[in-house]
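Biologist: I want to learn how to read the contacts in this complex. Please take me through them.

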Protein chains: 2
Amino acid sequence: MANITEIARLAKVSRSTVSRVLNNQPYVTSQKKEAVLEAIRLLDYVPNRNAINLSKGKTNIIGIMVPQINHPFFNHLISGMGEICADLNLSLLVNQTNSDPEREKISFDQLRYKQIDGLVIASTVSSATELSEINKYGPIVSCEWSEGDHAQVYIDHSNGIELVMNHLKEKGYQSIALCLGNPDSGVGKSRKSAFDKFIDNSNCTHSHEWYFEKRYSFEDGKTVMNELYKLSALPRAIVVGNDYVAAGIIHQARLLKIRVPEDLAVTGFDNQSIAEALHITTIDQPIHQLGIEAVKMMDSLINHRHKVEQNTLSLRLIIRQST
Amino acid sequence: MANITEIARLAKVSRSTVSRVLNNQPYVTSQKKEAVLEAIRLLDYVPNRNAINLSKGKTNIIGIMVPQINHPFFNHLISGMGEICADLNLSLLVNQTNSDPEREKISFDQLRYKQIDGLVIASTVSSATELSEINKYGPIVSCEWSEGDHAQVYIDHSNGIELVMNHLKEKGYQSIALCLGNPDSGVGKSRKSAFDKFIDNSNCTHSHEWYFEKRYSFEDGKTVMNELYKLSALPRAIVVGNDYVAAGIIHQARLLKIRVPEDLAVTGFDNQSIAEALHITTIDQPIHQLGIEAVKMMDSLINHRHKVEQNTLSLRLIIRQST
DNA sequence: TTGTACGCGTTATCAT
DNA sequence: ATGATAACGCGTACAA
C-alpha cells in the first residue's frame with residue numbers, strides 16, 4: 001500500500017514534512033499540511049506500526065503472563081489491566097502458560113526481542129534468579145510476592161482473615177471454627193497464622209475439633225457441616241477459605257435445620273458469584289485494582305518516571321446475610 | 001545491544017551468513033555456523049522482532065476483540081484461543097472494548113497498521129458495512145453470526161433447547177415448563193421458537209401458566225418455584241435458560257419438600273460452576289472449541305490455505321442428577 | 001557456499 | 001520552515 005514516500009511525492013514535499021504532519025509537529029505551513037492531508041486521503045494511506053516500532057525502539061505493547069486465562073482471579077486481573085491500558089494507549093499481549101516453563105519462556109523472549117516494552121507477571125513457576133536475569137532486558141512487574149529486585153504489587157493476604165474475624169467479634173460471635181484449603185500453600189499458611197494470632201489476642205475461643213483443611217468444593221462443604229453436627233459442642237461461627245465450601249456448609253445446615261446465621265454464622269472467601277447468589281458474607285480481593293496498579297507501575301517504569309517499587313493492596317469485607 | 005552486524009564482524013562472516021544461521025537455512029558450513037553461534041553467545045545477542053516484522057511484513061500476532069474480558073463466555077473463548085495460538089506460534093493481542101465503537105476502532109486500526117496479521121471478533125457493535133471495509137486490510141473472523149462477507153464460526157443456539165427437550169422426553173417427563181431470560185434477544189427468540197416447535201411435534205404438553213420470562217438470578221429462581229407451587233397443576237419438568245435461575249428453583253423446591261428430580265426435573269443452561277456444584281443437568285457451549293476453530297480459520301486465512309468460510313458448532317448436553 | 005546491495009517504512013539529525 | 005540523508009535491524013534476490 002501507500003507509504004510515506006508516495007505521500008511526499010504526491011503532495012510535492014519531502015518525507016520529513018509528511019512525518020511532521022503525521023506526528024503533529026510544529027514548523028510546517030498550513031498550506032503544505034493541507035496538501036499532505038489531501039494526499040493521505042487520496043491514497044488511503046495508513047502508517048505501518050512495525051516501521052514506527054523499529055525506528056522508535058518501542059512498541060507500546062505490554063505483555064501479561066498468566067497460568068490460565070479462564071480463571072476468576074486472572075480473568076479479573078487482565079480485565080483491570082485492559083481498562084487502564086486503553087487509557088494509556090497501551091496494548092495487551094496475553095500469554096497463557098499453563099504454568100509450563102517452556103511457555104513462560106515465550107513471554108521472556110518477547111521482552112528480550114523487544115516485541116513488548118514490559119512484562120507483567122500474574123504468577124510464575126520461574127525462579128527469582130531467572131526473573132532478575134530477564135529484568136535486565138526490560139521492566140518486569142510481578143503481581144504476587146516473590147524474591148528478586150523487580151517491581152511488585154500484590155494483595156496482603158493475612159489481612160483477609162483479620163477482617164472477617166474482627167467482623168465476627170463485633171457481631172458477638174465468640175466461638176469460631178476454621179476451614180481452609182491447602183494448608184501448605186503460601187496463602188494457606190498466612191491465613192492459618194493470622195487466625196491463630198487473632199484467637200490468641202482476643203477473648204474468642206477455638207477448638208482443634210473445629211479446624212478443617214484441604215476442603216475445596218461444594219461437596220466438601222456439606223461434609224464439613226455433617227462433621228460439625230456430630231460434635232458435642234458447636235461453634236457460633238465458621239470462617240471458610242472458599243465461597244463454594246461455604247455454600248456447601250450453608251446448604252447442608254439448612255437441611256439439618258441449623259439456622260444461618262442465628263445458630264451458625266458462615267463466612268466465605270473471594271466473593272465469587274455463588275457468594276452473591278447465596279448472600280454469603282465474604283472477602284473481596286481488589287483484583288481489578290491490582291491490574292490497574294500493575295499497569296500504572298509498568299507505565300512508570302517504561303517512561304522512567306519512578307524507580308522500581310513495591311506496593312501492597314488491602315482486601316475488602318463484604319457483609320451479607322450469612323453473619 | 002548487539003545486532004546482526006556486530007555478530008558478523010566478530011564471526012568474520014557476512015551478515016547474510018548470520019541471518020542464515022539464525023533461520024536454520026542450508027548452505028552454511030558447520031565451521032562458520034559454529035563461529036556465528038559462538039559470537040551470538042559472546043555478545044548475548046537477541047534478534048529484534050520489530051525489524052523482522054517490518055522486513056517480513058508479518059507479526060505473527062492476531063488480535064481478539066471482546067466487549068469484556070471478565071465474562072465467562074469471552075473468558076473461555078480467549079482461553080481456547082490461547083491454547084491453539086501457542087501451538088501455532090502465534091501471539092494474542094487482547095482488546096477489551098466495553099462495546100464502545102471508539103474502542104473497537106483500536107482493533108481495526110491495529111489491523112490496518114499491520115500491527116496484527118488478523119482480527120478475531122468475539123462480538124461487535126460495528127455494522128457489517130464497517131466490517132467489510134476493514135476486511136480489505138486483513139483477515140477477519142467473527143465468532144457470532146453477522147451479515148457480511150468475512151469468515152465466521154459460531155454456535156448453533158436453537159440446538160440447545162432441542163437437546164434438553166429430547167433428553168426430558170426420553171426420560172419420560174411429559175409435561176414441561178419453560179423459564180427464559182430476555183425474550184426479545186436473539187438467543188431468547190430462538191430458544192422460545194425451538195421450544196414451541198418441539199412441543200408441537202411431540203406428545204409433551206405445555207401450558208401458558210408454565211411459562212416464565214425475564215428471570216435472570218438465583219432470587220428469580222426462588223420466585224419461579226413459589227409461583228409454580230401455587231398452581232393447581234404442576235409440570236413434571238422445567239427447562240430453564242440460566243444455571244443460576246435453575247439453582248434458585250432447586251433451592252426453593254427443597255424447602256417446599258418438592259423432590260428433584262422425582263417430583264420436578266430441572267435443567268439449566270451454560271454449565272456454570274454452580275451447575276456442577278448443585279449437580280444440575282445443563283447445556284454446555286463449546287466455547288473453548290469455538291476459540292480454537294476461530295484461530296485455526298484465521299491461520300488458514302493468513303496463510304491463504306483456504307477461502308473465506310463459515311462454520312457452526314453444536315452444543316453439548318451434560319446430564320446430572322436434576323433430571 | 002558466501003557475500004554484496006538493496007528494500008522494508010518510519011523517525012531523527014543536521015544542514016539550509 | 002523544509003529537505004536530504006542517515007539511522008533502526010533484518011531478510012533476500014542476485015551475483016560470484
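This is a predicted model: local features need pLDDT of at least 70, side-chain atom pairs count only at pLDDT 80 or more; totals for chains, interfaces and linings use all residues.

Modeller: Residues are numbered from 1 along each chain as its sequence is written, while chains are lettered from A and ligands numbered from 1 in the order in which they are written.

Biologist: How many residues surround DNA strand C, and which are the closest?

Modeller: A residue is near a strand if its C-beta atom, placed from the backbone, lies within 6 Å of it. Here 27 residues surround DNA strand C. N3(A), I4(A), S19(A), A51(A) and S14(B) are the closest.

Biologist: Which helix gives the most to that surface near DNA strand C?

Modeller: Helices (H or I, at least four residues) and strands (E, at least two) are DSSP runs, numbered from the N terminus. α4(A) gives the most, with 5 residues.

Biologist: How many residues does each chain bring to the contact between A and B?

Modeller: Contact means C-beta atoms, placed from the backbone, within 7 Å. Chain A brings 34 residues and chain B 34 residues. On the side of chain B that touches chain A, α5(B) has the largest share, 7 residues.

Biologist: In which sense do β2(A) and β2(B) pair?

Modeller: Strands pair if DSSP finds at least two bridges between them. These two run antiparallel over 3 bridges. L92(A) has V94(B) as its bridge partner.

Terms used. Two residues are in contact if their C-beta atoms, placed from the backbone, lie within 7 Å.
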